[in-house]
Amino acid sequence: MQIARLSDQALELRHDGASPIVFPFLWLRDNCPTAFDPQTKERNFDLLSVPDDLKPASAETCDDELVITWPDGHVSRFEQSWLLAHQPGVPRPDAAALPRKIWRAADMPELPRFSGAEILADDRVLLDFLVTTQSLGLSLVDGLAPGQGLDVAQRIGFLRETNFGKVFDVVSKPDPNNLAYTAQALALHTDLANQEIPPGFQFLHCIANEAKGGGSVFADSFAIAEDLRETDPEAFRVLSTVALPFRFHDRAYDIRLRRPVITLRPDRRLDEIRYNAHLTDLIDLPADQLGTFYRAYRAFMKRTRDPAFVIALRLRGGEMVVFDNRRTLHGREAFNPATGFRHLQGCYVDRGEFESRIRVLDRRHDGASL
């Protein structure tokens, strides 16, 4: 590696005849190895301790290192391999930044299935389960005794506490504060769309499912949104820009939020879907916008009823479905409590915890499962 050029704001390095790589001086000083605490790895360099027009007193390459001496006498040493791996404009490798595999009903004749005992005992199986679930947004774990669904979730990270607690039991109740606690059918939805940050991954463990009815239904909302983007771009634009009011309220809580149904990342890729007709508050858009909004909203809603997008299964005792609540829509058929007991136990682990576990396990196993 050689210095190809020095300018007022940056230096250019050339490696093996390739195009020069530009390294601004402020970036180099800000990312000097000494700018990070050796124990915590947190940045402890004060960027305002150097001038805006910072320039090195000297810069040279020596023994596969770039050595820079700054005007205050500080010396920064960068290994060539580090500079090549971390050059500006190249994101740090991330084992959890997995491509989402968008699916329709025909793509999922069966859910990916994992053994609960193996997940609890073997880190490699756990990593495979996490990667699959992250990619598809949905998987199934079997062979779980009561309480072990929580063990699987806690093997990944902290449980997300909501106004329903850390753990919730989906059973028919005499005085419900949520439609999930009735025997009614639940249309496809994402949970807690009224929250500032809806829970990430949901773990729904079937303890018993003896009642007539009560089958589970799922759909990949990303597939629905991408179909909308391709076939009805105006509806996609409306649902990704118009904020919809969501609200949950009972005796103890009144939690409200306004957000679009479709949230995009800066690069326009899908990030999350907030879709819950039960938690949609009074739609208070101006009258001259309602026609456009309802047309777009109904276009999305119709696709959630389209068999091309929807899969159905009947969970059995000991099985647990795990899904990305900010992507995978879930619902259920109505059931008759008089015909048998139905009990599902649920909890959430946020996306950040889920992704952190993937990174740590991948680091331990040198990426062998990725």
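## Helix 4 and its ends

Let's start at a helix cap: a side-chain oxygen of Asp122 sits 2.8 Å from the backbone nitrogen of Arg124, capping the N-terminal end of helix 4. Please keep in mind that this is a predicted model. Helix 4 covers residues 123-136, and its 14 residues reach 20 Å from first C-alpha to last, close to the 20 Å expected at 1.5 Å a residue. Just after the helix comes Gly137, with a positive phi of about 80°.

Among the buried ones are Phe129, Gln134, Ser135 and Leu136.

The largest nonpolar core holds 31 residues, and Leu239, Val261, Ile262, Ile273, Tyr275, Phe293 and Tyr297 have the most contacts inside it. Elements that give two or more residues to this core include strand 13 (216-220), helix 6 (221-231) and helix 8 (287-304). Helix 8 gives the most, with six residues. Another core lies apart from this one; it has 27 residues, including Val125, Leu126, Leu127 and Val141.

Tyr275 is worth a visit in your viewer. Leaving aside neighbours within four places in sequence, its contacts include Leu188, His189, Val261, Tyr297, Phe300 and Leu329.

## A hairpin of strands 5 and 6

Strand 5 (residues 65-69) pairs with strand 6 in the antiparallel sense over five bridges, and Ile68 has Ser76 as its bridge partner in strand 6. Five residues separate the two strands of this hairpin, and Gly73 in the turn has a positive phi of about 95°.

Strand 6 (residues 75-79) shows a covered face with Ser76 and Phe78, while Val75, Arg77 and Glu79 make up the uncovered one.

Methods
Residues are numbered from 1 along each chain as its sequence is written. This is a predicted model: local features need pLDDT of at least 70, side-chain atom pairs count only at pLDDT 80 or more; totals for chains, interfaces and linings use all residues. Side-chain values use heavy atoms; hydrogens and water are left out. A nonpolar core is a set of buried Ala, Val, Leu, Ile, Met, Phe, Trp, Tyr and Cys residues joined through side-chain atoms within 4.5 Å. Buried means under 20% relative accessible area, exposed over 50%, partly exposed in between (1.4 Å probe, protein chains only). Helices (H or I, at least four residues) and strands (E, at least two) are DSSP runs, numbered from the N terminus. Contact means heavy atoms within 4.5 Å. Two strands pair if DSSP finds at least two bridges between them. The expected span of a helix is 1.5 Å times one less than its number of residues. A polar contact is a pair of N or O atoms within 3.5 Å; within protein, one must be able to donate a hydrogen and the other to accept it, and residues adjacent in sequence count only if both atoms are side-chain atoms.
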